[in-house]
Amino acid sequence: MDLIPLYVSLKLSIVTTAVLTVLAAPLAYGLSFLKFPGKSFIEALINLPMALPPTVMGFYLVTMMGPKGVVGRMWESMTGGSLLFTFLGIAAASVVCSLPFALQPMKAAFQKIDRRLLENAYVLGLSRTEAFFRVIIPNSISGIAAAAILVFLHSMGAFGILIMVGGSIPGETKVAAIAIYEAVESMNYREAGLMSLCLVPVSYIFLLLVNKLNREEF
Amino acid sequence: MKPRYLAYIILLLLIMPSFAHAEEKIRAAVAANYIQTMKELAVEFEAGTGIKVEATFTSSGNLYSQIIHGAPYDIFLSADEDRPNRLYQEGLAEEPFIYAIGKVVLWSAKKDFCKTGDWHEALKRESVKKIALANPDIAPYGMAAMRAMKDTQSREALQGKLVIAQDIAQAFQYASSEAVDAGFCALSATLTDAGKKGCFFMVAQAPPVVQAACVLKGKNRPAVSRFALFLISSEAEVIKKKYGYR
C-alpha cells in the first residue's frame with residue numbers, strides 16, 4: 001500500500017487543526033462576548049462553507065488563488081510561485097472550509113462559562129486579554145479539544161475541495177481520500193480497501209473522543 | 001503522551017517532505033487512458049535512469065485546466081492533440097509531439113455481449129439499459145465515441161442510456177463492476193487483466209485518438225527532456241504495443 005497519501009492527509013489535518021485552534025479561539029471569543037454591529041452577518045459568513053457544496057467553495061478558491069486571482073497574484077509577487085496545486089494551497093482551503101467546525105464548539109464552550117467567574121476576574125484587576133488566557137481558555141479546554149478533533153476529522157474527510165484546489169499531485173496534494181477515489185477508478189480495489197480500512201478506525205476513535213469530551217462538559 | 005513529545009512528532013511530520021524533494025523526479029500529468037501504460041513506462045524509465053516519474057491521472061480536460069491555473073507539472077501527456085497545441089500557442093508549453101495513437105472500443109463485462117452484430121446494434125438491445133461514456137467535453141476518448149454515435153445515427157436512440165463518467169478509466173470501471181451493461185473504453189483497457197475478463201467491439205466509426213504530449217514552459221530540465229525522448233523511443237514502443245497503441 002502506498003502510505004504517502006495517508007501521510008499527506010495526516011499532515012494536512014495536523015496543520016489545519018493547529019492553525020484553526022489558534023485562529024478560531026479569538027474569533028469565538030469575539031462572537032460570544034463582544035457586541036458589535038453586523039455580528040450575525042459575519043458569523044453567517046464564516047459558517048457559509050458548512051452550508052455550501054464543496055464545488056462552490058472550490059470554484060471560488062480556484063479563481064481567487066489562481067494566477068489571475070487576487071490572492072494568487074499577491075502570493076506570486078511574494079514568493080514567485082503558485083499557491084494552487086501545492087500543499088500550502090490545500091492547507092489554506094482546508095482552513096477556510098473547516099473554520100465553522102472549529103468555531104461552533106468553541107463558541108458553545110465559551111458561552112457556557114459562568115459570567116460571575118469573568119466578573120470576578122475583572123474585579124480582581126485582570127485585563128480582557130489576561131482573562132481570556134487565564135479564565136476563559138482553562139474553563140473551556142474540553143470544548144476546544146472537541147473543536148480540534150472535529151476539525152481534524154473534517155480535514156481528513158475533505159475531498160471535493162481538495163481535488164479542485166490541489167489536483168492530485170503525489171506527495172504534495174494527493175490525500176488519502178483522493179488516492180482511494182483514484183484506486184477505485186483504476187480498479188485497484190485492494191489498495192482502495194486497505195486505505196479505507198486505515199481511515200475507519202481513526203475516525204471512529206476520534207468521534208468517540210468527541211462524545212466523551214462533550215459529556216464531560218455537563 | 002506528554003505534550004512535549006507530541007510536539008516533537010508533529011514537528012518531525014512537518015519537516016519530512018523536505019527529504020522527499022531531495023531525489024530527482026518528474027511530475028507528469030497523464031490522460032486516464034494511459035494509466036497502465038504509464039505505470040509500466042515509469043518503472044522502465046526509473047530502472048534505466050534512476051529518475052522517478054510521479055504521475056497524476058485524470059481526463060485531459062481536467063489536467064489542461066489545472067495547467068492553465070499553474071499546476072506544477074513538468075510534462076503533459078494528453079489524449080488529444082488539441083489541448084497540447086493550445087498550451088503551445090498560449091506560450092505555456094514547448095512544441096507538442098505525438099506519443100501514441102489509441103482506439104475506442106465498446107467493452108462489456110459479459111462475454112456473450114459481443115457474440116453477434118456490431119457495437120451500435122448491440123447497444124440498441126432491450127437488455128442494455130446503461131452505457132458508460134467518458135464526458136466528451138473533457139475526455140477525448142469520450143468525444144471520439146460521441147462522434148461515432150453521431151455517424152451511425154444512434155446518438156438519439158442511446159441518449160437515455162448514457163451514463164457520463166469523469167474520465168475513460170472511470171467509464172471502464174463502471175463497465176467492469178457491471179454498474180453499466182457496457183462502456184466506451186480505450187483499447188488499452190481491454191488488454192489489462194481486468195479487461196481480458198470481458199469482451200469488446202471495435203468502434204470503427206470513432207476516429208483514431210491521436211495523443212500528443214508537451215513539456216511545460218520552464219520545466220525543460222535534462223531529466224524531463226530525457227523522459228520526453230524516452231516516450232517515443234523503441235523501448236517505450238514495446239510497452240505501448242502491448243497496450244494496443246501505435
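What share of the contacts in chain A with a separation of 6 or more comes from residues 24 or more positions apart? Such residues account for 74% of these contacts, where two residues are in contact if their C-beta atoms, placed from the backbone, lie within 7 Å. The model is predicted, so local features need pLDDT of at least 70 and side-chain atom pairs count only at pLDDT 80 or more, while totals for chains, interfaces and linings use all residues. Residues are numbered from 1 along each chain as its sequence is written, and chains are lettered from A and ligands numbered from 1 in the order in which they are written.

Chain A contains 11 helices and 0 strands; helices (H or I, at least four residues) and strands (E, at least two) are DSSP runs, numbered from the N terminus. The C-alpha atoms of chain A fill a box of roughly 65 × 40 × 30 Å along the principal axes. Of the 218 residues in chain A, 39% are buried. A residue is buried if 20 or more other C-beta atoms lie within 10 Å of its own, exposed if 12 or fewer, and partly exposed in between, with C-beta atoms placed from the backbone.

Chain A meets chain B through 19 residues of chain A and 21 residues of chain B. On the side of chain B that touches chain A, α1 (3-15), α2 (17-20), β2 (52-58) and α9 (168-176) of chain B each supply at least two residues. By class, this side has 11 nonpolar, 8 polar and 2 charged residues. Here Ala, Val, Leu, Ile, Met, Phe, Trp, Tyr, Cys and Pro count as nonpolar, Asp, Glu, Lys and Arg as charged, and the others, Gly among them, as polar.

Chain B also holds an open sheet of 5 strands with mixed pairing, in the order β7-β6-β8-β5-β9; two strands pair if DSSP finds at least two bridges between them. Because β7 (162-165) and β9 (199-202) of chain B stand at the edges with a single partner strand each, one side of each is left without a neighbour in the sheet. Within the sheet, β6 (residues 131-134) and β8 (residues 182-186) of chain B run parallel and are joined by 2 bridges. Ile131(B) has Ala182(B) in β8(B) as its bridge partner.

The helix α9(B) packs on this sheet, touching β5 (104-108), β6, β7 and β8 of chain B. All 9 of the 9 residues of α9(B) are buried, among them Phe172(B) and Tyr174(B). After α9(B) comes Glu178(B), whose phi is positive, near 60 degrees.

Notes: Axes fitted to C-alpha atoms, helices over the stretch in contact; angles between N-to-C directions.
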